Amino acid sequence: MSALFAAGSYSRRSRGFTLIELLVSVAILALLLLIIASIIDATRRTWGYASGRIEEFRGAREAFESITSKLSQATLNPYWDYDNPNDPKSYSRQSELRFRSGPASALLSDSTARTHGVFFTAPLGYVNNTNYADLGTLMNTCGFFLEFGSDKDWRPDFVNQGGNAPRERYRSRLMEVVGPAESFSLYDEAQKAGGNAGYKDASWFLSAVNGTAPYTASTRPVRVLAENIVALILLPKLSSQEDPTGIKLAPTYEYDSTDAKSDPTINPKNQLPPVVQVTMVAVDETSFIRLQNGDSPPDMAPIYAGCEFTDASRYELDLQKLESNLKSLNLSYRIFTMNVALKAAKWSREQKN
């Protein structure tokens with residue numbers, strides 16, 4: 001009896017897995033491996049998408065930082081002097097320098113220019129002549145605006161030569177103007193106009209933008225700061241304590257430091273705006289590629305339909321409309337916004353003493 005018990009115990013201990021049990025185990029293992037592989041793949045794709053988005057907009061972010069950094073250094077270096085040296089009656093605020101911002105179509109006399117532009121003077125010390133390299137506070141003409149067109153003019157000459165030149169890429173580009181100090185023409189332009197007080201022209205920055213004297217087409221001090229920038233909106237503002245609405249100073253976004261207004265609280269005559277709200281909208285390259293149809297320039301009109309950015313009281317509505325347009329076109333975008341305090345701004349209601 002004990003022998004049979006022992007034999008039975010041995011038989012049970014040596015019994016292995018059945019085929020069904022093995023198949024079930026393999027199926028469960030395969031299912032687990034499939035789930036793990038799916039999780040890993042989803043994580044990889046999510047990480048790749050996030051990394052791509054970060055990389056895609058890195059250029060736009062760096063461009064935005066460049067705008068805010070240079071804009072904060074704008075200066076007019078104002079001083080008090082006789083209102084009329086030949087027949088002085090009072091002291092008034094004077095400045096040989098300038099600050100202009102507003103709709104780019106008006107500033108650049110270009111009906112195709114989109115959203116806004118800004119042009120100012122700043123002591124950046126940028127020079128072409130290395131003999132002046134140590135003079136770090138020399139005055140420069142600076143500016144930012146959008147320009148739409150082909151990349152053909154921005155390629156090296158050898159790329160455009162021959163019969164295998166790459167297809168032209170039409171993009172909306174953020175352009176930066178930094179004129180070297182040696183070519184700073186504002187003083188000369190004002191002198192030609194009969195003096196600083198009577199000079200209200202825009203040739204001091206248009207010469208750099210258009211590549212006219214003292215520049216040429218080949219020495220035009222303009223460079224591409226970032227591609228696929230579809231909007232640049234600039235709103236000069238008073239401090240929030242002075243104007244909680246933020247639109248009193250520039251209700252149409254326009255600001256000209258040569259203007260004189262009867263209301264001393266918003267008189268920009270030879271004064272910098274205390275704050276400039278800068279908004280930039282960037283689209284990623286993958287999205288923008290879909291807009292171009294073959295070799296023809298893409299139709300940009302649907303992006304700007306219904307949003308003019310000419311009335312500061314409609315800023316939020318116009319921005320929402322722009323976002324709606326971008327979404328309807330399946331364009332991936334990012335909005336950058338910052339209130340930039342101008343360091344040299346010393347806003348005052350006084351115009352004369």
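A salt bridge is defined here as a side-chain nitrogen of Lys or Arg within 4 Å of a carboxyl oxygen of Asp or Glu. The model is predicted: local features need pLDDT of at least 70, side-chain atom pairs count only at pLDDT 80 or more, and totals for chains, interfaces and linings use all residues. Residues are numbered from 1 along each chain as its sequence is written, and side-chain values use heavy atoms, with hydrogens and water left out.

**View A. The salt bridge between Glu-227 and Arg-169**. The two side chains meet at 2.8 Å, N to O. Glu-227 belongs to strand β7 and Arg-169 to the loop between α5 (157–160) and β6, so the contact ties together parts that are 58 residues apart in sequence. Helices (H or I, at least four residues) and strands (E, at least two) are DSSP runs, numbered from the N terminus. Glu-227 is partly exposed at 28% relative accessibility, and Arg-169 is partly exposed at 26%. Buried denotes under 20% relative accessible area, exposed over 50%, and partly exposed in between (1.4 Å probe, protein chains only).

**View B. The salt bridge between Glu-285 and Arg-171**. The closest N and O atoms are 2.7 Å apart. This pair links distant parts of the chain, with Glu-285 in helix α8 (residues 285–289) and Arg-171 in strand β6, 114 residues apart. Glu-285 is buried at a relative accessible area of 18%; Arg-171 is buried at 3%.

**View C. The salt bridge between Glu-176 and Arg-223**. The side chains meet at 2.7 Å, N to O. Glu-176 lies in strand β6 and Arg-223 in strand β7, 47 residues apart. Glu-176 is buried, with a relative accessible area of 4%, whereas Arg-223 is partly exposed at 43%. Salt bridges that share partners also join Asp-151, Arg-169, Arg-171, Arg-173, Glu-227 and Glu-285 into one network. The structure holds ten salt bridges.

**View D. The open sheet of six strands**. The strand order is β7-β6-β5-β4-β3-β9, with antiparallel pairing; two strands pair if DSSP finds at least two bridges between them. Strands β7 (222–227) and β9 (255–256) stand at the edges with a single partner strand each, so one side of each is left without a neighbour in the sheet. Five bridges join β6 (residues 170–179) to β7, and Met-175 stands opposite Val-224 in β7.
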